[in-house]
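Student: Let's go through this model together. Start wherever you like, and I'll butt in.

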Amino acid sequence: MPPVGLRAALLLLPSLLLLLRTVLTVPLERGAPKKEESPATESPVSGPALLSSQDTGLYYHRYLQEVINVLETDGHFREKLQAANAEDIKSGKLSRELDFVSHHVRTKLDELKRQEVSRLRMLLKAKMDAEQEPNVQVDHLSLLKQFEHLDPQNQHTFEARDLELLIQTATRDLAQYDAAHHEEFKRYEMLKEHERRRYLESLGEEQRKEAERKLEEQQRRHREHPKVNVPGSQAQLKEVWEELDGLDPNRFNPKTFFILHDINSDGVLDEQELEALFTKELEKVYDPKNEEDDMREMEEERLRMREHVMKNVDTNQDRLVTLEEFLASTQRKEFGDTGEGWETVEMHPAYTEEELRRFEEELAAREAELNAKAQRLSQETEALGRSQDHLEAQKRELQQAVLQMEQRKQQQQALNAPGPAPGREGQLKFHQGTDGVPVPAAADDQKDRDTSEKKVPEQPPKLPQLDSQKL
């Protein structure tokens, strides 16, 4: 067995194939040394580009990927891995080698685990906030136990138990990935049909007939496509050989074909390399530029094709196709006898009428629940509005009371002030108050006013002088 990296060894676990093959970055040297390639000629399927472009769909995909990247940097772990088999990995024997990796690697793994625990805590908090339970005391340890890809008892360091749990959980989850994808597609198709039927029910009779006619015409056009070859058949592989590889179909050679499409030259065809072979067949049915073609259906078709090949070619069911398995499949009768071709998704409905009925009941129950919740929120909003109006009225009453108290205070101060001095002829003097009511003037003000009102004594009229000569 040629030496391989951590990803390749973990691929010995059947259901870890999908992840660990797709995140392969720099493979270890195998066989004869290869010439160094400059960065400009780096293979397009290796390095960070591939690392970031592939995703298994696992919610802890990034954590698993980063742990693999760090472990591959340790020489001791890589050496032990080369001698390990699938049973060593499954049983946890390989995980115990974690105790011998360098301190620098362990420190990085510890940091990765702390980051993952922090991320999971944030997810839990967001979930609880969405469920409107912000005041509930959170027991993080109990909640973290639902995540099985790490040890929740130790939230600060990455130990052998963490690596063992990570491998076991990824093995189980990836084994269920295809089934989960099919179920998700089924619900997608049922929702489409449900919305189509509701739309038709909302139309008048003539409009409904016209809409149904257009739908039947669209389905007819979609069915009018070239024959789709059975995946993995001689006709399908020869078409790839001729149209994609540019080779003579009369000189088709299965071994050469295998080597050409083993993109990373690891001696096996993984699921991504197989799916790449189906692109030509899928293009016969689906056109990304045609809005009538559903790309979700195309991806479901791709998955069905890959499952078909794995079922018939991958004899040991490890989700890898070796050269021996591939060559053996080309010797079977089914390899050349494909009948009428591949039956596409539209020929095999994803659901039954009974499943659609239960799905619609589920939708109706959820819709009723959301409507009830919306009604409660509306009532709470109205209650808050009324409460706000009541508070505004109380605020205005309070402001009025404060104003009245201030006026009474001013009037009381005026009554407690010294009495006003009588004016001339014994009359009291008044002046205008702030509220327009006459208020007796204070004594000092009255005095000043009386002083200012004193008149200058009148001078006696000046008599004309008599001329003494005339006298």
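**Helices, cores and charges**

Tutor: In helix H4, the buried residues are His61, Tyr63, Leu64, Gln65, Val67, Ile68, Val70 and Leu71. Buried means under 20% relative accessible area; exposed is over 50%, and partly exposed lies in between (1.4 Å probe, protein chains only). Helices (H or I, at least four residues) and strands (E, at least two) are DSSP runs, numbered from the N terminus.

Student: What should I know about the model itself?

Tutor: It is predicted: local features need pLDDT of at least 70, side-chain atom pairs count only at pLDDT 80 or more, and totals for chains, interfaces and linings use all residues. Residues are numbered from 1 along each chain as its sequence is written, and side-chain values use heavy atoms, with hydrogens and water left out.

Student: Back to H4. Why call it largely enclosed by the rest of the structure?

Tutor: Because eight of its eleven residues, in the run 61-71, are buried.

Student: Which residues have the most contacts inside the largest nonpolar core?

Tutor: Tyr63, Val67, Leu71, Leu109 and Phe158. That core has 28 residues. A nonpolar core is a set of buried Ala, Val, Leu, Ile, Met, Phe, Trp, Tyr and Cys residues joined through side-chain atoms within 4.5 Å.

Student: Which helices each supply at least two residues of this core?

Tutor: H4, H5 (75-82), H7 (103-130) and H9 (160-175).

Student: And leucine 109, what is it in contact with?

Tutor: Val67, Val70, Leu71, Leu98 and Phe158, leaving aside neighbours within four places in sequence. Contact means heavy atoms within 4.5 Å.

Student: How many residues are in the second, separate core?

Tutor: It has 27, including Phe257, Val285, Met298 and Val309.

Student: Take methionine 298. Which helix is it found in?

Tutor: H16. Methionine 298 has a relative accessible area of 12%, so it is buried. Beyond residues up to four places away in sequence, methionine 298 touches Leu282 and Tyr286. Its C-alpha atom is 6.9 Å from that of leucine 282, 16 residues apart along the chain.

Student: New topic. How do H10 and H16 cross?

Tutor: At roughly 145 degrees, with the axes of H10 (residues 177-201) and H16 (residues 295-313) coming within 11 Å. Axes are lines fitted to C-alpha atoms over the stretch in contact, and angles run from 0 to 180 degrees between N-to-C directions.

Student: Left-handed or right-handed, H10 past H16?

Tutor: Left-handed. That label applies when the near helix is turned anticlockwise from the far one by less than a right angle; clockwise is right-handed.

Student: Who makes the contact?

Tutor: H10 gives Asp178, His181, His182, Glu184, Phe185, Tyr188, Glu189 and Lys192. H16 gives Arg296, Glu297, Glu300, Leu303, Arg304, Arg306 and Glu307. By class, the H10 contact with H16 has three nonpolar, two polar and ten charged residues. Ala, Val, Leu, Ile, Met, Phe, Trp, Tyr, Cys and Pro count as nonpolar, Asp, Glu, Lys and Arg as charged, and the others, Gly among them, as polar.

Student: What about H10 and H11?

Tutor: They pack at about 145 degrees, with axes 9 Å apart; H11 spans residues 205-223. Arg196, Tyr199 and Leu200 of H10 meet Arg208, Ala211, Glu212 and Leu215 of H11. The class count for H10 with H11 is four nonpolar, no polar and three charged residues.

Student: Now charges. How many salt bridges in the whole structure?

Tutor: The search finds 37. A salt bridge is a side-chain nitrogen of Lys or Arg within 4 Å of a carboxyl oxygen of Asp or Glu.

Student: What does glutamate 271 pair with?

Tutor: Arginine 306, with the closest N and O atoms 3.5 Å apart. Glutamate 271 sits in H14 (residues 271-276) and arginine 306 in H16, 35 residues apart. Glutamate 271 also bridges to arginine 319, at 2.6 Å. Arginine 319 lies in the loop between H16 and strand E2 (321-322), 48 residues from glutamate 271.

Student: Arginine 319 and glutamate 271: buried or exposed?

Tutor: Both are buried. Glutamate 271 is at 1% relative accessible area, and arginine 306 is buried at 4%. Salt bridges that share partners join Asp178, Glu271, Glu275, Arg306 and Arg319 into one network.

Student: And lysine 284, which residue is its salt-bridge partner?

Tutor: Glutamate 239, closest N and O atoms 3.1 Å apart. Lysine 284 is in the loop between H15 (279-283) and H16, and glutamate 239 is in H12 (residues 234-244), 45 residues away in the chain. Lysine 284 is buried at 16%, and glutamate 239 is buried at 15%.
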